[in-house]
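Welcome to my notebook. I jotted down what I looked up, one topic at a time.

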Amino acid sequence: MATSLKSIPCESCGAPIAVRAKGISITFACESCGNIIDSTRDGFKVLTRAHQQMELIGSLAIPLGSRGVLFDVEWEVIGFVRRQDVKWLFTWDEYLLFNPYHGFRFLIYSDAHFSFAELLTRRPSGSPHGHALGFEGEGYTLFHRGVSQVKAVVGEFYWRVRFNDKCDFADFISPPYGITMEVSEATFDAEATFSLSRYVSREVVQAAFGISSLSKPFKVSPIQPNHYREALASGRGTVILSCIVLILAQFYFVSTSERQSILQVTRTFTRMEAGTEQLIAEIEISERARNIEIRSDSPVNNSWVEVAYELESEDGSESGWATQAIEYYYGSTGGESWSEGSTSEVSTIGGLGAKRYKVFATVEAESFSRDQPSTVVTRIRLDVPIWSNFFLAIAALLMVPCFVLLRGHAFERKRWEESDYSPYDSA
Amino acid sequence: MAISLSCPSCGGELNLHSYTPYVACTYCRHILVKVDEGYRDTNVVSEIAEDMSPFQIGSEGWFEGIHFGLIGRLRLAWEHGFWNEWYAYFDDGRFGWLAEAQGTLAILFEPKNPQVYRTILEDLQDHDQSFLLLGREVEISSVPFVVSDIKKAESIVVEGEMPRMSPLGTFFTAIDMMGPSGEIATAEFIPQPPARRAFVGRYVGFTDLRLSNLRELQGWPRR
């Protein structure tokens with residue numbers, strides 16, 4: 001059993017092997033020669049004269065013995081295991097973290113992404129051989145299932161680590177969390193273990209352990225948080241609230257619109273009047289109007305009329321104008337009849353004060369060229385509900401969320417590219 | 001309650017919580033057994049436990065609103081490691097155990113209800129074929145537990161007060177069961193002299209126990 005030593009000499013190369021979790025660690029892997037030494041009650045026993053890739057071990061991203069604070073607890077790095085998926089051959093590193101009060105955690109480094117994992121003391125619901133697990137009210141979806149193998153090991157461990165040890169594992173995800181199920185193929189005396197991992201950004205790990213120059217991740221990690229979806233979730237309330245405010249305002253506007261009809265006049269314009277301003281009516285606005293709707297009808301027949309209206313107050317202080325092109329064409333081509341345009345046109349002009357106004361119209365018409373007159377029916381209503389501004393505002397409001405939604409979707413597709421169980425794969 | 005006692009082996013002054021059946025002397029490590037007139041030396045000497053445990057006899061904490069104190073420790077070994085079981089008194093008069101394995105903590109009590117006791121032990125009595133038991137569901141007080149771990153273990157170190165003792169170095173079978181929401185149950189089958197015991201409790205977090213009077217660990221000041 002463990003002695004009071006803070007290090008043990010490696011029986012193979014003589015280098016001191018640090019003992020950081022005294023009385024708990026049972027396997028030690030020498031940092032200088034890579035040999036694995038078992039601690040037993042009778043002493044230490046060299047197990048494998050392993051030919052590890054020492055150059056790999058010499059360049060750990062976080063050196064053994066480093067300390068750093070993660071999630072409010074100081075952790076010491078005491079062990080390192082590199083694992084490889086035996087089928088797909090991708091590798092990842094697991095750093096064993098120790099704090100004598102809080103026990104052990106794992107810092108997993110995979111594709112330049114970090115996650116912080118803890119063994120669970122309760123079983124997730126659902127079958128670990130299925131496609132989904134439940135834990136603390138969250139659903140976790142199967143991302144990868146495979147067999148891992150220990151490819152490199154250094155430091156100390158509270159379990160027996162063996163070079164080339166195999167382990168069945170399955171990763172279930174609910175970003176930024178993941179649950180990993182593991183069953184060691186070496187032992188038959190333990191059930192599946194489950195660990196809960198949580199995504200940690202590279203910056204947080206670098207700051208915690210005082211390291212730098214870790215390479216930047218280039219892939220999306222299985223449990224990397226989707227910031228687009230997070231932004232969408234956090235902004236959802238604001239967008240919904242704004243939509244409600246807009247709808248209520250529009251509802252108020254529509255319900256209080258009086259749609260007061262104040263003019264209907266029919267006027268026939270002759271060629272002589274073409275392009276010159278004609279007074280067609282005088283109107284009285286008795287209360288300030290929020291808007292004025294002008295509708296023109298003209299019986300155009302494969303022809304066009306253009307009307308420019310101007311409303312001018314008698315005292316000359318207020319005015320409004322609108323230009324309308326009325327055109328209607330129809331016919332048949334190759335036995336198919338068609339039509340284009342319409343015989344009426346509507347415009348809305350902004351608010352005008354309670355005054356008396358003169359209504360002028362300047363007309364150009366195709367019929368003038370044939371020396372034919374053109375008839376225009378002009379109707380004016382006050383305070384009509386306007387929908388276009390409302391729809392524009394809604395569209396503007398939803399534009400950014402729609403963009404973020406698309407980016408978020410693209411991010412999810414990228415995440416699942418590495419998985420055999422992608423919901424985006426059409427089988 | 002506090003009892004003062006002179007070690008019959010070395011004469012050292014011992015302060016006990018109660019007249020617990022077994023006591024390991026703090027000074028000479030001799031294990032003493034309670035007899036009618038006091039304590040008698042068994043002439044069995046315990047090893048010294050050396051590990052990074054933050055606990056010690058005298059550490060105190062809180063569990064489900066009840067204050068407790070640690071009065072004894074058993075250190076156990078199995079083929080692939082070690083763990084500690086701390087014997088604790090609770091202010092409501094109960095005695096229980098704080099199990100400490102690789103930083104994972106649980107508080108356990110022997111069930112008062114004999115039915116619970118029987119369920120666990122009868123369900124698991126074919127423990128010698130341990131691979132058959134792994135993953136088996138055991139219902140305890142209508143909570144479904146799953147057998148998660150089976151090991152052959154032995155006590156290697158005793159400190160302080162112990163309610164009972166198997167001879168050091170005697171192997172027994174320890175079976176752990178895990179519940180759906182942090183429950184834990186364990187069963188122990190001791191071959192010589194034959195005995196069976198069951199415990200039920202909960203996994204607990206280190207900070208949840210609001211511990212005090214912990215051991216000072218070199219290089220690890222508590223913030």
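I began with a sheet: chain A has an open one of four strands, in the order 16-24-18-22, with antiparallel pairing. Strands here are DSSP runs of E, at least two residues long, and helices are runs of H or I of at least four, numbered from the N terminus; two strands pair if DSSP finds at least two bridges between them. This is a predicted model, in which local features need pLDDT of at least 70, side-chain atom pairs count only at pLDDT 80 or more, and totals for chains, interfaces and linings use all residues. Residues are numbered from 1 along each chain as its sequence is written, and chains are lettered from A in the order in which they are written.

I then checked the edges: strand 16 (260–269) and strand 22 (344–349) of chain A each pair on one side only. Next I followed strand 18 (residues 292–297) of chain A, which pairs with strand 24 (residues 374–382) of chain A over six bridges, in the antiparallel sense.

Where do the chains meet? I noted 24 residues of chain A in contact with 29 residues of chain B (contact: C-beta atoms, placed from the backbone, within 7 Å). On the chain B side, strand 8 (81–90), helix 2 (130–133) and strand 12 (143–162) each supply at least two residues. Strand 12 of chain B gives the largest share, five residues.

Last, I looked up B:A88: leaving aside neighbours within four places in sequence, its contacts include B:F68, B:L70, B:F95 and B:W97.

Terms used
Two residues are in contact if their C-beta atoms, placed from the backbone, lie within 7 Å.
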